[in-house]
Amino acid sequence: MQLDENNGSPVQVRESKFKPRRNLTTWLIGNPLQTADAPHQTIGRLIGLAVFSSDALSSVAYGPQEMMMMLAAAGLSNLHYSLPLAFAIVGLLIVLSISYEQTVHAYPDGGGAYIVSRDNIGEVPAQIAGAALLSDYILTVAVSISSGVAQVVSAFPALYDWRVHMAVGFILFVMLINLRGVKESGITFAIPTYFFVVMMYITIAVGVFRYFAGTLGIVSSPPELTMLAEPQALSMFLILKSFANGTASLTGVEAISNGITAFNEPRSKNAGQTMIYMAFLLGTLMIGVVFLAVHTQAVPSEHETIVSQIARTVFDGRGFVYLLTIIGTTVILVMAANTAFADFPRLGALTAKDGYLPRQLTFRGSRLVYSYGIVSLAVISSLLVILFQANVSRLIPLYAIGVFLSFTLSQSGMAHRWWKSGKLKPGEKIKERGSTLTYEKHWVVKMLINGFGAFVTLIVTAIFAVTKFSDGAWVVVLLLPILVALFTAIHHHYQTLAAHLSLEEYKGYINPGRHRVILPVAGVHRGVLKALKYAQFLSDDVTAVHISIDDQQAERLQEKWEIYGDGVRLLILESQYRLMIEPLVQYITELSNNLRDNEILTIVIPQFVPKHFWTNILHMRTADTLRKVLIGQKDVVIVEVPYQME
């Protein structure tokens, strides 16, 4: 027993011995984990690369294709421009990787765009970054899963009509795996991720070797060409639109900086090295795929993916190795959604902790993951897949503008952070909400790196917004301010509630001089008499109220009340329109409006509880309805007295 020194209130602390029982949930997602197990649920670089890089790595399966679909509007002869565009995208990847590597070390507890913007630029930019990233994670799931289904359809065209069903099924599968915990989902997805990487490198290596050996042919029986724009002459605007489509391959770069807390110690070092590995793999795969696509004369098409055409050309048909490549690509695209499932709940929890999203998102489930966030992501992305019929080309225009906006805000925030650190004295420290700011000797160099990253990503954001606006990017441009307004409304609600509940200048409640109790009764039975005894325990001023819609029933109730009512007064309200709830609510409202400051009104509601839950449909459940209606009455206390069937 502990004693509070301020007011002498006793405080007792003990550990609960309760253990959750096994049920269907534990069978699906595993036994509940204790809070003390959290440090053991972290992951190393090998698994971390699979968890947080699958989104970025998988983008080589659709990024180059979307870029070439746009470029194809100028004719197939101009597809060779894809290669220099790929190098430009890889150059942007290098800039982003170096910038975020600095972020990882500056924010060891997680330094995504939301936290960096919040600590260095302000609350509104942080909300914009949060809205952009949350919407991007939703689109990541929809795009990667839809692209994975497209790989299956490329190999088995008969499944085309089932693409939406397969996509939703894959989303639910990934959701279920993530509900089992970060460590288990990482182990589950590590093998497919590395299998994809190995198969893609084998395909690229064999293809490049055959190209220089002069034995690499071109795609036989190419599919029907798909263009994302009307036929036109090659122009700078079309090249910029193609570049914007290709930058969808970079949308998973920030994931590692958001998920630093999932890594083993030293977290920043492991996360930083993982980011470098990811950038190397993504850059080489991107250039390799585009190089082979150009030299095999692959045709960008919705009916067969670029990867499928390259694989069957490199391996001379749809043989065993081809199928392994398609399987690896399909699986990694499905697994790519795991990056969003790993980061969306974390970002949602951070935003909710600051009061901009519902507080439920901060709660960890039985497996120490943010279950509400995981389920919310699965539901919203499934609706998106159904709405857009699992069509990658229709989803891509919505995709990258949000994440590049968050890139810009994050890099701008980091540049400002280094400027602030340069103003400190050596050894001086300032504790901020997301990290500790200290003097940085090389602050000028680091500020220039992040500043350059902000400048480049701002240009890409502008390119994407202008070139893709009419293709669907306008939805995101409109959605972001709506989400920010929603965040603001939620935050205002929590602030208003906190002000009302604040104990500052609190003088305590006035002890009630009069306690009135109202007991609604529909009949006289054991449940009502139990509630009556409880009402009498609360106060001597008890009034039983019956709403009469049948005169004969009211007479029988009055006769019983005279025998069993224990002298408590009974008020019968005749309802001319046969309404049960409204007359009672009107009566209680009249009473509550006339209450004095030292009076309290309690409604004691008898609650009949059937033995079997399925028999609830046989009863009117009036008590539930009353509670829901009366809960909004000011200065009215509602008490339910259950009577259980044995």
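**Entry 1**

I looked up V475 and found it in helix α18, residues 469-501. Helices here are DSSP runs of H or I with at least four residues, strands are runs of E with at least two, and both are numbered from the N terminus. V475 counts as partly exposed because its relative accessibility is 32%. My cut-offs for these words: buried is under 20% relative accessible area, exposed is over 50%, and partly exposed is in between, with a 1.4 Å probe and protein chains only.

V475 also belongs to a nonpolar surface patch of about 610 Å², together with F469, W474, V477, L478, L479 and I482. Patches take residues with over 30% relative accessible area and no salt bridge; like charges are joined within 9 Å, and nonpolar side chains (Val, Leu, Ile, Met, Phe, Trp, Tyr) within 5 Å. The areas come from the Shrake-Rupley method with a 1.4 Å probe, and for residues only the protein chains shown count as cover.

**Entry 1: what I am reading**

I note that this is a predicted model, where local features need pLDDT of at least 70 and side-chain atom pairs count only at pLDDT 80 or more, while totals for chains, interfaces and linings use all residues. Residues are numbered from 1 along each chain as its sequence is written, and side-chain values use heavy atoms, with hydrogens and water left out.

**Entry 2: the whole chain**

I found 22 helices and nine strands in the chain. Of its 646 residues, 53% are buried. The accessible surface comes to about 31,400 Å², and 62% of that belongs to carbon and sulfur atoms. I also looked at contacts, meaning heavy atoms within 4.5 Å. Among those between residues at least 6 apart in sequence, 79% join residues at least 24 apart.

**Entry 3: the sheet**

In what order do the five strands of the open sheet lie? I read β7-β6-β5-β8-β9, with parallel pairing. Two strands pair if DSSP finds at least two bridges between them. At the edges are β7 (569-574) and β9 (636-644), each of which pairs on one side only. On average, neighbouring strands are turned by 25° against each other, direction ignored. For angles, axes are lines fitted to C-alpha atoms, for helices over the stretch in contact, and values run from 0 to 180 degrees between N-to-C directions.

I then followed β8 (residues 599-609), which runs parallel to β9 and is joined to it by nine bridges. T602 has V637 in β9 as its bridge partner. Helix α19 (residues 526-538) packs on the sheet and touches β5 (514-520), β6 (541-548), β8 and β9. The direction of α19 makes about 140° with that of β9. Helix α20 (residues 551-564) lies across β5, β6 and β7, at about 175° to β7.

**Entry 4: salt bridges**

Side chains of opposite charge can pair when their charged atoms come close. I counted a salt bridge when a side-chain nitrogen of Lys or Arg is within 4 Å of a carboxyl oxygen of Asp or Glu. The structure holds 14 of them.

Is E304, which meets R312 in a salt bridge, buried or exposed? E304 is buried, because its relative accessible area is 5%. R312 counts as buried too, at 10% relative accessibility. The N to O distance of this pair is 2.7 Å.

D541 forms a salt bridge with R516, with the closest N and O atoms 3.9 Å apart. D541 lies in β6 and R516 in β5, so the pair ties together parts 25 residues apart in sequence. Both D541 and R516 are buried. I also found one network, in which salt bridges that share partners join R118, D119, E123, D354 and R433.

Most residues other than glycine have a negative phi, and most peptide bonds are trans. Which residues does a cis peptide bond join? They are E265 and P266, with omega about -5°. P266 sits in the loop between α10 (255-258) and α11 (267-295). E265 is exposed at 61% relative accessible area, and E265 forms a salt bridge with R267 at 3.5 Å between the closest N and O atoms.

D316 is not a glycine, yet has a positive phi of about 55°. D316 is in the loop between α12 (306-314) and α13, and is exposed at 60% relative accessible area. A390 also has a positive phi, near 55°. I placed A390 in the loop between α14 (371-387) and α15 (392-395), where A390 counts as buried at 9%.
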